[in-house]
Amino acid sequence: MNKETLTITDNRTGKQYEIPVEDGTIRAMDLRQIKTSDDDFGLMSYDPAFTNTASCKSRITFIDGDKGILRYRGYPIEQLAERSTYLEVAYLILHGELPAAAEFEEWTWEITHHTLIHEQIKKFMDGVRYDAHPMGLLIGTVGALSTFYPEAKNIFDAEKRSKQVHRLIAKMPTIAAFAYRHSVGMPYAYPDNDLSYTGNFLNMMFKTTEVKYKPDPVLERALDVLFILHADHEQNCSTSAMRGIGSSQADPYSAVAGAAAALYGPLHGGANEAVLRMLNEISSKANVPAYIKRVKEGEVRLMGFGHRVYKNYDPRARIIKQIADQVFAVTGSNPVLEIALELERIALEDEYFVSRKLYPNVDFYSGIIYQAMGFPVDMFPVLFAIPRTSGWMAQWVEMLNDPDQKIARPRQIYLGYEEREYKP
Ligand code: CMC
């Protein structure tokens with residue numbers, strides 16, 4: 001009979017060990033019993049960047065990177081993008097089920113009624129330089145929110161925790177839009193509770209002197225779909241940061257500030273901004289082959305390409321390409337689109353990219369749409385952080401309720417000096 005175990009022979013000692021296999025995984029702590037002597041610490045596994053280590057058990061997001069599958073709570077991303085709304089998806093991710101009508105009404109009310117930020121926060125934002133990158137301002141401001149809501153430290157009080165979840169999902173768009181208005185010297189536009197989540201965000205971004213801002217319904221829906229696609233992505237860099245910081249029982253504002261900081265880097269959520277800068281640098285379709293040559297020589301990376309988990313077309317990139325047409329019908333096309341299409345065409349045929357299974361990821365086309373919608377390039381990582389907040393919150397709550405979890409504290413392999421005497 002097949003047994004769900006692994007037998008390990010330690011060739012250093014000739015000893016055998018039988019280790020349980022559960023969910024296709026062994027527990028790293030089961031390796032510790034493998035020792036060469038009584039005073040040996042025991043075997044560890046070495047996994048920089050956690051390429052083959054599960055840090056948690058989760059029921060939120062499923063990815064099959066080889067098949068290009070993404071599901072939230074079991075629902076395929078394609079169905080959610082077509083039929084759902086971002087707020088509904090945020091509820092699903094957090095609560096595990098799609099909301100019934102009354103639940104959705106209450107949820108929407110809670111989010112809508114927490115969109116305002118304290119006037120002191122506005123002053124805090126005013127304190128940074130006029131040309132501050134909005135992502136830096138978002139990270140600083142969301143961290144500062146913890147000083148406004150000291151009760152957020154009660155992370156094991158489910159009711160207080162829910163309140164912070166509402167506040168964070170509600171206030172991120174406000175802080176993001178205020179960061180933008182600050183950077184262009186425009187007066188802050190306050191939230192409009194008559195509008196949808198994305199409609200209100202567009203209002204706070206782009207309202208000028210009109211009495212009531214009316215978002216274009218196509219752009220409002222396109223942004224909503226983009227938010228759905230960015231809501232969660234299991235244990236990526238920023239979510240791991242969220243869980244890592246949260247594991248020390250820090251309040252959720254401090255943890256989200258850390259998660260957003262992890263997102264900011266060009267290999268993660270900052271890639272959408274990097275893609276646009278790359279397309280601008282390439283500047284014309286004719287320069288694409290020369291740029292691909294530089295990529296293959298290892299001089300630069302093709303931003304918006306490749307993924308740790310997807311070794312197939314990122315399903316989010318496929319959906320984004322479809323939305324692009326709807327957006328461009330309203331805004332007119334983005335001239336850099338033809339450069340992006342040419343890059344994709346050449347890369348998908350080229351042995352370098354094919355053998356490494358490098359395909360366009362979510363960031364390759366998203367920035368082109370954001371730019372056509374009128375968002376400045378600096379705002380792109382911020383546009384990632386807003387919807388990812390619901391994913392961070394869901395993963396954080398799941399971690400707090402997981403009896404297996406403790407403070408995150410990896411081991412190291414020490415390769416430095418042995419003890420030595422101090423030399424004056
Ligand atoms: N351009 C050129 N070569 C690449 C790229 C790229 N974008 N990505 C990976 N490679 C090569 C890499 O040089 C390596 O080649 P070799 O085996 O010859 O050394 C091979 O492919 C494997 O790469 P890796 O660095 O081991 O892969 P990783 O899993 O550590 O990195 C990644 C994943 C997303 C950081 C990387 O693909 C990358 O830097 N992409 C560009 C940045 C980007 O678009 N990031 C957004 C990711 S999706 C949204 C998100 O998570 O925020």
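Which residues are linked with Arg27 in a network of salt bridges? Select Glu22, Lys57 and Asp404 together with Arg27, and you have the network on screen. Keep in mind as you go that this is a predicted model.

Next, colour residues 61-64, which are strand E3, and 75-76, which are strand E5. These are the edge strands, each pairing on one side only. The open sheet has three strands in the order E3-E4-E5, with antiparallel pairing. Select residues 69-72 for strand E4, which pairs with E5 over two bridges. Show the side chains of Tyr72 and Tyr75 here: Tyr72 stands opposite Tyr75 of E5.

**A nonpolar patch**

Now switch to a surface view and pick Phe41, Met44, Tyr46, Ile413 and Leu415. Together they form a nonpolar surface patch with about 590 Å² of accessible area. Phe41 sits in the loop between strand E2 (15-20) and E3, and its relative accessibility of 42% makes it partly exposed.

**Helix H8**

Go on to residues 217-229, helix H8. Try the distance tool on its end C-alpha atoms: they are 18 Å apart, which agrees with the 18 Å that 13 residues should span at 1.5 Å a residue. Is this helix enclosed or open to the outside? Because 10 of its 13 residues are buried, H8 is largely enclosed by the rest of the structure. At the start of the helix, zoom in on Asp216, where a side-chain oxygen comes within 2.8 Å of the backbone nitrogen of Val218.

**Salt bridges to visit**

- Select Arg277 and Glu273, whose closest N and O atoms are 2.7 Å apart. Both belong to helix H11 (residues 271-282) and lie four residues apart, about one turn of the helix. An α-helix has 3.6 residues a turn, so residues three or four places apart point the same way. Arg277 is partly exposed at 43% relative accessibility, whereas Glu273 is buried at 11%.
- Move to Lys296 and Asp350, with their closest N and O atoms 2.8 Å apart. Lys296 is in helix H12 (residues 288-296) and Asp350 in the loop between helices H14 (337-349) and H15 (351-355), so the pair ties together parts 54 residues apart in sequence. Lys296 is partly exposed at 38%, while Asp350 is buried at 13%.
- Finish at Arg316 and Asp314, a salt bridge with closest N and O atoms 2.8 Å apart; both residues are buried.

Note on methods
Residues numbered from 1 in each chain as written. Predicted model: local features only at pLDDT ≥ 70, side-chain atom pairs only at ≥ 80, totals over all residues. Heavy atoms only, no water. Pairing = 2+ DSSP bridges. Expected span 1.5 Å × (residues − 1). Buried < 20%, exposed > 50% of the residue type's maximum accessible area, 1.4 Å probe, protein only. Polar contact = N/O pair within 3.5 Å; in protein donor to acceptor, adjacent residues only side chain to side chain. Patch = residues over 30% accessible without salt bridge, like charges linked within 9 Å, V, L, I, M, F, W, Y side chains within 5 Å. Areas by Shrake-Rupley, 256 points an atom, 1.4 Å probe, with all protein chains shown as cover. Salt bridge = Lys/Arg side-chain N within 4 Å of Asp/Glu carboxyl O.
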